[in-house]
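Here's a quick walk through one protein model, meant to be read with the structure open beside it.

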Amino acid sequence: MSDESRSTPAQAPVAAVIPAAGRGVRLGPGAPKALRALNGTPMLIHAVRALAASRHVSLVIVVAPPDGAAEVKSLLDVHALPERTDFLVVPGGDSRQESVRLGLDALPPQYGVVLVHDAARPLVPVDTVDAVIEAVRDGAPAVVPALPLADTVKEVGPAAAPGGPEPVVATPDRARLRAVQTPQGFDRATLVRAHGTVTADVTDDASMVEQLGLGVVAVPGHEEAFKVTRPLDLVLAEAVLARRRLNDGF
């Protein structure tokens with residue numbers, strides 16, 4: 001693919017894909033993680049509102065559990081969402097990768113910039129969303145929001161026995177490491193190409209672009225864009241929402 005075919009107009013319309021088909025095993029039994037309540041509202045709705053808060057995002061595609069598209073559509077219908085943003089629900093697949101691809105398949109042709117956002121990151125600030133979009137519009141084929149690591153990181157080898165001590169084999173330079181968040185932003189043609197080319201399991205879409213040999217850049221992330229994975233994360237998310245209500249006066 002030529003550089004020309006990967007170029008993105010500076011004002012290309014922006015769409016967001018939110019894969020929300022996972023079960024969220026680490027949060028325990030019950031509803032899929034994206035549908036768990038946070039301050040009385042499903043996490044998914046918080047995530048949708050967070051993306052739609054950007055004036056640049058004009059379409060949000062939610063990729064629902066394969067048998068739960070009608071339920072997710074009903075959720076979107078009963079919660080207040082920005083009128084200037086269009087919303088679409090499509091059934092997902094068995095993996096996150098497949099769900100993102102199904103979201104891309106539903107994307108109308110006019111959208112040149114695509115965000116992919118974890119439904120389990122319900123509190124990402126709009127400034128972070130806008131920073132990712134701006135970097136894609138400035139010409140980056142793939143953009144990730146990222147934070148410096150607070151902890152020292154060790155690389156370990158396998159334990160001699162299951163559950164036993166793991167030998168430390170290296171200590172990477174923390175200054176060069178980043179914890180990557182979402183939304184990740186892409187030139188649409190690049191992301192479509194990545195999903196049509198890379199078949200190995202990956203943990204994020206930017207790594208698929210890396211496997212194409214294309215550049216990925218990082219912009220500053222935000223501490224409130226953390227991923228809600230464990231019960232303790234729900235407590236933290238509730239605390240963030242309480243602080244926001246206090247600061248915003250409602």
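Predicted model: local features only at pLDDT ≥ 70, side-chain atom pairs only at ≥ 80, totals over all residues.

The largest nonpolar core has 35 residues, and the members that touch the most others are Leu-44, Val-48, Leu-51, Val-57, Val-60, Val-62 and Leu-115. Strand 1 (14-19), helix 2, strand 4 (57-64), helix 3 (69-78), strand 6 (113-116) and helix 5 (126-137) each give two or more residues to this core. There's another core apart from it, made of 23 residues, including Leu-59, Ala-142, Val-144 and Leu-191.

Leaving out residues up to four places away in sequence, Leu-51 touches Ala-16, Val-57, Val-60, Leu-115, His-117, Val-124, Val-129 and Pro-183.

That last partner is worth a click too. Pro-183 sits in the loop between strand 10 (178-180) and strand 11 (184-187), and the peptide bond joining Thr-182 to Pro-183 is cis, with omega at about 15°.

**Two helices**

Which residues of helix 3 are buried? They are Ala-69, Val-72, Leu-75 and Leu-76. Looking down the axis of helix 3, these buried residues fall within an arc of 120°, so they line one face. As a rule, an α-helix has 3.6 residues a turn, so residues three or four places apart point the same way. On the face of helix 3 turned away from the buried side you'll find the exposed residues Ala-70, Asp-77 and Val-78. The cover over the buried residues of helix 3 includes strand 3, helix 2, strand 4 and strand 5 (86-91).

Helix 6 (residues 188-197) has its own buried set: Arg-188, Thr-190, Leu-191, Ala-194 and His-195. Those residues cover an arc of only 165° around the axis, which puts them on the same side of helix 6. One of them, Leu-191, is also among the members of the 23-residue core.

| Helix 3 | Ala-69, Val-72, Leu-75, Leu-76 | 120° |

**Around strand 3**

Pro-42 is found in strand 3. Is Pro-42 buried or exposed? Its relative accessibility is 10%, so Pro-42 counts as buried, given that the cut-off for buried is under 20%. Not counting residues up to four places away in sequence, Pro-42 touches Ala-34, Leu-35, Arg-36, Ala-37, Leu-75 and His-79. From Pro-42 to Thr-190 there are 148 residues in sequence and 32 Å in space, C-alpha to C-alpha.

The loop between strand 2 (37-38) and strand 3 (41-42) holds Asn-39. Phi of Asn-39 is near 55°, a positive value in a residue other than glycine. With 37% relative accessibility, Asn-39 counts as partly exposed.

Finally, the second largest pocket has a volume of about 390 Å³. Sixteen residues line it, and the closest to its centre are His-46, Arg-49, Leu-123, Leu-241 and Arg-244. Helix 2 (43-52) and helix 8 (231-248) are the elements that give two or more residues to this lining, and helix 8 gives the most, with four. By type, the lining of the second largest pocket divides into nine nonpolar, three polar and four charged residues.

Technical notes: Residues numbered from 1 in each chain as written. Heavy atoms only, no water. 1 Å grid on protein atoms, 1.4 Å probe; cavity = no way out; pocket = protein on both sides within 12 Å on 5 of 7 lines; lining within 4 Å. Points joined across faces, edges and corners; volume = space filled by probe spheres on them. Nonpolar A, V, L, I, M, F, W, Y, C, P; charged D, E, K, R; others polar. Core = buried A, V, L, I, M, F, W, Y, C linked by side-chain atoms within 4.5 Å. Buried < 20%, exposed > 50% of the residue type's maximum accessible area, 1.4 Å probe, protein only. Contact = heavy atoms within 4.5 Å. Arc of directions from axis to C-beta.
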